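Let's read this model together, one feature at a time. Ask whatever you like as we go.

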Amino acid sequence: MNDSASLAAPPRRTRGSLLLVLAILGMASAVFVVRRPLMMAAPTCMAGRWHGCFDTFNGVVLMTLVALPLAALVVWALALRRRAAGVTSACRMSVAEVGMVHGTVPFLWLTMMPGGKAGTVPARVSLVPLRDLMTMGPVGIGGNLLIFAALGFFAPMRFAALASVPRILALGAGCSVLVETAQYVLRLDRVSSVDDVLVNAAGAVLAALASRRWWRATAHAPSDRPRPAPAPAG
């Protein structure tokens, strides 16, 4: 039995290493593709100017990438603190918490950016399902799928109560309704659409399915409390 276990361990480590390498290569390829737009925003962002950096797509994406080392440091600090307290699954919980924030806030920021006529044009709303999908285009649909993808991917890994597809669907739809309502109330020169809610919620569900291997374990064995100390013998 020990021999079979030792034979089964290397393939698992190999798969994990391969997935990590593929993820790094995918991220590097994405950065290489958008390197020119990002470099256009780099001087403004490095100068600390708000206009031209945090109010542009390129600037927000650039600062999100720049903040990745800080996010990794926060993960390390949280995991170290939890391990010292005897919390099980400290690394997974820390990655999930930081991933939810770091992967969702930039997309929400981009979604809430006001248009050129914000505050001057009346608020617009589209309540007919599937009518706006044709005008979104591949880029629009892809962007809407990513808004709550990080939330859908990491939330069920962190919270056992969310470890089910219907609950992630409800979470994505609820958050999207709040965003669309805020766009309408603040008159950001954006169309508050039912299709946005549907696509955003679908993105959360697809991301949750991608992480199902890990959040199913969370649902079966939730552990955000320190391990109890063993009772003294006798």
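Q: What makes two aromatic rings count as a pair?
A: Rings of Phe, Tyr and Trp pair if their centres lie within 6.5 Å, the six-membered ring being used for Trp. Planes over 60 degrees apart are called edge-to-face, planes under 30 degrees apart stacked, and the rest tilted. Keep in mind that we are looking at a predicted model. Here ring pairs join Phe153, Phe154 and Trp214 into a cluster.

Q: How many aromatic pairs does the structure hold, and how should I describe them?
A: A pair of aromatic rings is described by the distance of the centres and the angle of the planes. This structure has 2 aromatic pairs.

Q: Is phenylalanine 154 buried or exposed?
A: Phenylalanine 154 is buried because its relative accessible area is 16%, and buried means under 20%. Phenylalanine 153, at 23%, counts as partly exposed, and so does tryptophan 214, at 36%.

Q: How many residues of α7 are buried?
A: Helix α7 is mostly covered, with 9 of its 10 residues buried. Among them are Ala149, Leu151, Phe154, Met157 and Arg158. For the chain of 234 residues, 30% count as buried.

Q: How do I read the packing of two helices, and at what angle do α8 and α9 pack?
A: Two packed helices are described by the angle between their axes and the distance between the axes. Helix α8 (residues 165–186) and helix α9 (residues 194–210) pack at about 145 degrees, and their axes are 8 Å apart. The crossing of α8 and α9 is right-handed.

Q: Which residues of α8 and α9 meet?
A: On the α8 side they include Val165, Ile168, Leu169, Gly172 and Glu180. On the α9 side they include Asp196, Val197, Asn200, Ala204 and Leu209. By class, the contact has 11 nonpolar, 3 polar and 2 charged residues.

Q: Where is lysine 117?
A: Lysine 117 is in the loop between α5 (90–111) and β1 (124–126). Lysine 117 counts as exposed because its relative accessible area is 52%, and exposed means over 50%. From lysine 117 to arginine 187 is 70 residues in sequence but 8.9 Å in space, C-alpha to C-alpha.

Q: How many helices and strands does the chain have, and in what order do they run?
A: The chain has 10 helices and 2 strands. From the N terminus on, the order is α-α-α-α-α-β-α-α-α-β-α-α. Among contacts between residues at least 6 apart in sequence, 72% join residues at least 24 apart.

Conventions. Residues are numbered from 1 along each chain as its sequence is written. This is a predicted model: local features need pLDDT of at least 70, side-chain atom pairs count only at pLDDT 80 or more; totals for chains, interfaces and linings use all residues. Side-chain values use heavy atoms; hydrogens and water are left out. Helices (H or I, at least four residues) and strands (E, at least two) are DSSP runs, numbered from the N terminus. Buried means under 20% relative accessible area, exposed over 50%, partly exposed in between (1.4 Å probe, protein chains only). Axes are lines fitted to C-alpha atoms, for helices over the stretch in contact, and angles run from 0 to 180 degrees between N-to-C directions. A crossing is left-handed if the near helix is turned anticlockwise from the far one by less than a right angle, and right-handed if clockwise. Contact means heavy atoms within 4.5 Å. Ala, Val, Leu, Ile, Met, Phe, Trp, Tyr, Cys and Pro count as nonpolar, Asp, Glu, Lys and Arg as charged, and the others, Gly among them, as polar.
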